[in-house]
Amino acid sequence: MKPGLAAAALILCLTAASGCAAGSQTPAAPPAESAAVSAASQPGEEAHSPLEENYADAAALSVSDSGFAPQVSCQDRLLLTEDPPANGLEETVYRFYLYNVTSRFDEQQALTGPEESFALAVRNEQTAWESGRYIQEYRIHDLSTLTAQEVEKASGFAKEDLLEQIDRFGWEEYAVVRVDLSWKYNEAALLAGPQLGDGRYQRYYLLARTSETEPFCICQVYWEDFLPA
């Protein structure tokens, strides 16, 4: 499935409004990311592909000091995270789900990039939540940042999309974060017949930025076929 269509089916249903409590205190929004080092070729080395040249160094992007809550609840919604973020890229993806479950829609939207199909899908999920149809529980089993070498093994359509976005938006750095997660819908959403039912899935989030002084934004999401089996 093409990434634009995948984005419209996946994005997260958003939550109850203010007054939400967490199993531990809900982390505050992180400060702007510190500068990362691109995996660019050095003089005298063999030239890398554009995908390798623009790939961010996740180790240079630390997690913020604002804390991490393995369990966050808001009215009848729940976010459970079994694998804490190991770097700032994974933290951004974690916060994408956190803001979803705590219905901080403006903050969730602020994490998205200029790719309109993805941003629109996020807005559509807010509309679904407002109508009473939403995912009631997310469980993040694993967060991991792919290496540039793993991205080079991605399926053809995914690499074409990545290269097109790097060129169109002028991304100076990008990375892909893999999320292994499960979700459960509320009764109203199940009655509406979601495209994908309750279950466990793999998602791949493209994060990118145009300057080392800017935070990474989430630009696109890919499904299981991002990496061939």
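**Exercise 1. Work out why helix α3 counts as largely enclosed by the rest of the structure.**

Solution. Start with burial: in this predicted model, 14 of the 14 residues of α3 are buried, so the helix is largely enclosed by the rest of the structure. Buried here means under 20% relative accessible area. Next, place the helix: α3 covers residues 88-101. Its first and last C-alpha atoms lie 20 Å apart, close to the 20 Å expected at 1.5 Å a residue.

**Exercise 2. Now look at both ends of α3 and describe what you find there.**

Solution. Begin at the start of the helix, where a side-chain oxygen of Asn87 comes to within 3.0 Å of the backbone nitrogen of Leu89. Then move past the other end: Ser103 follows α3 and has a positive phi, near 50°.

**Exercise 3. Turn to helix α7 and find which of its residues are buried.**

Solution. First locate α7 at residues 156-169, a helix of 14 residues. It reaches 20 Å from first to last C-alpha, close to the 20 Å expected. Then check burial: Phe157, Ala158, Asp161, Leu162, Gln165 and Ile166 are buried. Finally, step just beyond the helix to Gly170, which takes a positive phi of about 65°.

Terms used. Residues numbered from 1 in each chain as written. Predicted model: local features only at pLDDT ≥ 70, side-chain atom pairs only at ≥ 80, totals over all residues. Heavy atoms only, no water. Helix = DSSP H or I, 4+ residues; strand = E, 2+ residues; numbered from the N terminus. Expected span 1.5 Å × (residues − 1). Buried < 20%, exposed > 50% of the residue type's maximum accessible area, 1.4 Å probe, protein only. Polar contact = N/O pair within 3.5 Å; in protein donor to acceptor, adjacent residues only side chain to side chain.
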